[in-house]
Amino acid sequence: MEISIEHLNKNYGKQNVLKDISLHIPIGMYGMLGENGAGKTTLMRILATLSEPTTGMVEINGIDIKRKKEIRKIIGYLPQEFSIYPNMTVYSALDYLGILTELPNNIRKRRINELLKQVNLEHEKNKRFKNLSGGMKRRFGIAQALLNDPKILIIDEPTAGLDPEERLRFYNLLSELAVERIILLSTHIASDIEATCSKAAVLSSGTVVFEGQIEKLLQLGNGKVYTTTILQNELNQFKQKYRVISIYQNGINVSCHFLSNAAPKKEWVSCQPTIEDSYMYLLSSFKQEVE
Ligand code: ADP
């Protein structure tokens, strides 16, 4: 099982929003990381057959993405802005979507009950959609994307607005589902993919700037992350020179956590990079922001 993308370009008018993308996505959970506007949704929509490439080749399990009907049978998609009629109950909404998915009558009921159990919404099945919490709505979204038991699940920015507990529960669910599937997960939060994915790609302005194991991404910031303490009134100047990731106020001083390519100064303390640090370093080095 594989998603194979070769030299994919997507233009909107004169804007080239995906630039010569080549990726091979294997079974398991795969992260698509990038800032807002990087092109993640555009790529996900192409894979979900909702939008077409301008040039290039995309195959899912050897099936060309142009064969939409066949692709839709093996793909489940959870868009960023998922919604359904707010007054429908969880069960009736899944039943309705199951009919649209052309699930035969005799298996629909059984499938919906299995899914409600899997996403832990059994007790909410008679609740109206509008009365679900953010986390429940996301889990409902997963259930509807799984109705036809797809081999590939594409999920766009799933944790926006979720509290830490709901987020964890959501990722545990995805990890369970990834055993026999490809789950492609887009996010702008690096720590989201560290916890769940073994491989990832990073998109920046429509270009793949990283592809590989998460450990490799984590190591990109090795030797580039420091802390130091400076005076509050030196901060603006410091920020112009270095990519400051976080600051802690301490009276007239501030402690800065920052990135630098320069030879370390004696007052700098080197830090082990977090995934967020390495990701920031990667993006900054492409924009040539880091001195
Ligand atoms: P992301 O999901 O990473 O935030 P998107 O794929 O939504 O990024 O957007 C990538 C770029 O494509 C942005 O510059 C966005 O404005 C542009 N874009 C997205 N969809 C359309 C569209 N339907 N028409 C024109 N431009 C679009």
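A: Here is the sheet, then the helices on it.

This is a predicted model, where local features need pLDDT of at least 70 and side-chain atom pairs count only at pLDDT 80 or more, while totals for chains, interfaces and linings use all residues. Residues are numbered from 1 along each chain as its sequence is written, and side-chain values use heavy atoms, with hydrogens and water left out.

The open sheet has 6 strands in the order β6-β7-β8-β3-β9-β10. Its pairing is mixed. Strands (E, at least two residues) and helices (H or I, at least four) are DSSP runs, numbered from the N terminus. Two strands pair if DSSP finds at least two bridges between them. β6 (75-78) and β10 (207-213) stand at the edges. Each has a single partner strand, so one side of each is left without a neighbour in the sheet. From one strand to the next, the twist averages 15°.

Strands of a sheet pair through backbone hydrogen bonds, either parallel or antiparallel. β3 (residues 28-34) and β8 (residues 182-187) pair in the parallel sense, over 6 bridges. Within β8, Ile182 is the bridge partner of Gly28.

Now the helices. α1 (residues 40-47) lies across β3, β6, β7 (152-156), β8 and β9 (199-204). Contact means heavy atoms within 4.5 Å. α1 runs at about 155° to β8. Axes are lines fitted to C-alpha atoms, for helices over the stretch in contact, and angles run from 0 to 180 degrees between N-to-C directions. α5 (residues 134-145) lies across β6 and β7. α5 runs at about 160° to β6.
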